Amino acid sequence: MFVRTKKRGEYTYLMIAENRWVEGKVKQKVLHSLGRLDQLQQTGRLDGVLASLGRFSEKLAVLGAHQRGESVTTRTRKVGPALIFERLWRELGIDRVLNGLLGERRFEFAVERAVFLTVLHRLFDPGSDRAAEQWKAGYAMAGTEELALHHLYRAMAWLGTPLPREQQGGRTPFAPRCVKDRIEEAFFDLRRDLFSGVDIVFFDTTSIYFEGEGGETIGEYGFSKDHRPDRKQMVVGVVLDQEGRPICSELGPGQTTDVKSLVPIVDRLRKQFSVNQVCIVADRGMISKETIQALEHPKRQWKYILGVRMRKQKEVKGEVLSRGGRYQEVYPKSRIPKAPSPLKVKEVRVGERRYVVCLNEDQAEKDRRDREAIVGALEDALKSGDKSLIGNKGFRRYVRTEGKRFSIDPDKIQEEARYDGKWVLTTNLDLSAREVALKYKQLWTVEETFRSMKSLLETRPIFHKCDETIRGHVFCSFLALILRKELQDRLERRGWRLEWNDIIRDLDNLLEMEVRIDGKGYVIRSESQGTVGKVAKACGVALPPTLRSC
């Protein structure tokens, strides 16, 4: 039954009608004519009819009373975050993995709930565990009502607790095997069918500095990617598969270099994850002679594609880039906006070592223009005196010293032009140069995913002093990466590319208000806005009703 309008002459009439199935077709039947629409509106009779009908609809009565200020709000909570990520948490099986490892351990609080609360906080408002305990007061999360700050600390400590001595086999040289490692491995086993195609992994690191005194042993001074050499830090490494899905993480002292961390990660993948054949793809910071020798060691014989530091490696600088030879075209130049960037490759062998030189002609043109702009600015700066060069690394690259004076060095400009639009790879794969270059370009896509998620790993401030709680604190950020990637994958499978900040904002704005009207309790849900509808649909989540009694 519904209300419809019908035009008769110059007037519009309001009618109550219903649909009926007649001889295989839907036909409308008018049940009652309410009168001319203009007269109903002018006399207020339409409002009276609606108000009278509203008495028989609890939903309309409650919403109307709330609108008129006749209700008392007893509590307002945000429901969007837990509604979506609780579903992903359970469907991925993270709760089962945690509870399975807890086993017979007796905690007087729900450890799995404490971990979920901390992970959800990382996604929506990254910060300290103290901040997480205060943050939860405004959110609806099942099973977290009784959790206090000391429960969160104890949950973090459990995640970072070293395993017994007999379970330390395969540990990395810079960190003990901990509960969090068992969680990663159990989770990988749970999803092994999904990861069965692992033939290429991406490894990258970031550093996190400490507030206060830092960790007991994990807090060390080292090269700071945060540009805070004055603070002790730790190094966090993450392994992702070719689709950008997080596989595992490693946490080491602040002085651990990227080069030192790569080989232990490779060994862990083989021993603890039973990944026997895999190709490591890593950027230029991971390469050294020792690293390559370790990867090629008979007990490993792992495949790799590694970026090369063209300007710092003598063999590449002196021989590889100097060799002639024709480039093979992989992608031609194109005016289509979404077409792949132009790419040419050629193979160069130096002894038993195999290199692939890659050239992007569009990037080469950009590099040339940028250099000309720098040299032009340098010429103007020299006219103002040598002092203008102090502290400008871009200028110093192209100058030479003549006594106490500086001048532009044409040889350095010519040398720099050799690198325009190029990057060099070294590999022990049997694939063609074209395929090697394309697999390395896959890394850029995964690296872009990792860069967009790094803010979750860079969880500050960290005030913990104990290594166990520090490891647990950062591991919750790794779990947050897993949930974020899962949500993004589900959205992309439906063809929806939504901005992460929009998703977080819109879910955070989905509220429920508990109100009392005439002694009865009701829960009113706010309107779903922005991305909420698509996110809920991608996750198979039904939004709560607009109104329900409680």
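1. The lining of the second largest pocket divides into ten charged, six polar and six nonpolar residues; Ala, Val, Leu, Ile, Met, Phe, Trp, Tyr, Cys and Pro count as nonpolar, Asp, Glu, Lys and Arg as charged, and the others, Gly among them, as polar. In total 22 residues line this pocket, and Ile292, Tyr304, Arg353, Tyr355 and Thr426 lie nearest its centre. Its volume is about 520 Å³. At least two lining residues come from each of helix H11 (289–295), strand S12 (353–359) and strand S15 (422–427). Helices (H or I, at least four residues) and strands (E, at least two) are DSSP runs, numbered from the N terminus.

2. The model is predicted: local features need pLDDT of at least 70, side-chain atom pairs count only at pLDDT 80 or more, and totals for chains, interfaces and linings use all residues. Residues are numbered from 1 along each chain as its sequence is written, and side-chain values use heavy atoms, with hydrogens and water left out.

3. Pockets and cavities are found on a 1 Å grid over the protein atoms alone: in a cavity a 1.4 Å probe fits but cannot get out, a pocket is an open set with protein on both sides within 12 Å along at least five of seven lines, and lining residues have an atom within 4 Å of a point. Grid points are joined across faces, edges and corners, and a volume is the space filled by probe spheres set on the points.

4. Five cavities of 30 Å³ or more are counted. The largest cavity holds about 80 Å³ and has 13 lining residues, with Ala175, Pro176, Arg177, Asp181 and Glu250 nearest its centre. Helix H9 (179–190) and S7 are the elements that give two or more residues to this lining. Seven of the lining residues are charged, four nonpolar and two polar.

5. Nine strands form an open sheet with mixed pairing, in the order S7-S6-S5-S8-S9-S15-S12-S11-S10; two strands pair if DSSP finds at least two bridges between them. Neighbouring strands are turned by 25° against each other on average, direction ignored; the axes are lines fitted to C-alpha atoms, for helices over the stretch in contact, and angles run from 0 to 180 degrees between N-to-C directions.

6. Valine 201 is in strand S5 (residues 200–209) and is buried at 3% relative accessibility (buried is under 20% relative accessible area, exposed over 50%, partly exposed in between, with a 1.4 Å probe and protein chains only). Leucine 240 is 39 residues from valine 201 in sequence, yet their C-alpha atoms are 5.7 Å apart.

7. A second open sheet has three strands in the order S1-S2-S3, with antiparallel pairing. Its edge strands are S1 (2–8) and S3, each pairing on one side only, and the twist averages 40° from one strand to the next. Ten bridges join S2 (residues 11–22) to S3 (residues 25–36). Glutamate 18 has lysine 29 as its bridge partner, and arginine 20 stands opposite lysine 27. Two residues lie between the strands of this hairpin, where glutamate 23 takes a positive phi near 50°.

8. The whole structure has zero disulfides, a disulfide being a pair of cysteine sulfur atoms within 2.5 Å. Cysteine 248 is buried, at 1% relative accessibility, whereas cysteine 466 is partly exposed, at 37% relative accessible area.
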